[in-house]
Amino acid sequence: MADNGWQRKFEDPIPLPNGRMLVTLLDAGEYITTLSKAEQQLDEWQTAIEVLLLVSRGGPTMLARIGVMKALNRHVERVFNPDRKDTHWGKRKLKRDL
């Protein structure tokens with residue numbers, strides 16, 4: 001398999017807040033360069049840049065996708081909602097109870 005470097009595609013495109021999609025490693029790199037210098041210096045974006053460089057030389061593109069997604073969603077706080085969890089306790093009927 002030929003390695004295309006920066007032209008390698010993500011398994012799933014990365015949606016941006018403005019509706020655009022990042023399809024290749026090059027798209028992600030160009031998007032990061034359009035950010036302000038202060039935002040580029042954030043730890044999350046620095047990690048995304050390092051992973052993009054690493055993956056462009058070879059490696060799974062999923063790593064780069066994870067790095068960019070974590071940087072894009074750095075303000076999103078995941079909250080556990082116990083109401084969404086369906087429990088299975090008490091729902092099973094035994095043959096003798098029929």
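How many helices and strands does the chain have? In this predicted model, the count comes to four helices and two strands.

**View 1. The whole chain, from end to end.** Follow the sequence along and you'll read off the pattern β-β-α-α-α-α. The chain runs to 98 residues, and 28% of them count as buried.

**View 2. The β1-β2 hairpin.** Here are strand β1, residues 9-15, and strand β2, residues 21-24, running antiparallel and joined by three bridges. Look for K9, and you'll find T24 of β2 standing opposite. Five residues lie between the strands of this hairpin, where G19 takes a positive phi near 95 degrees.

View 3. Is G5 buried or exposed? G5 counts as buried because its relative accessibility is 12%, and the cut-off for buried is under 20%.

**View 4. What G5 touches.** Leave aside residues up to four places away in sequence, and G5 touches L25 and S56. As for S56, 51 residues along the chain separate it from G5, yet their C-alpha atoms are 4.6 Å apart.

Notes: Residues are numbered from 1 along each chain as its sequence is written. This is a predicted model: local features need pLDDT of at least 70, side-chain atom pairs count only at pLDDT 80 or more; totals for chains, interfaces and linings use all residues. Side-chain values use heavy atoms; hydrogens and water are left out. Two strands pair if DSSP finds at least two bridges between them. Buried means under 20% relative accessible area, exposed over 50%, partly exposed in between (1.4 Å probe, protein chains only). Contact means heavy atoms within 4.5 Å.
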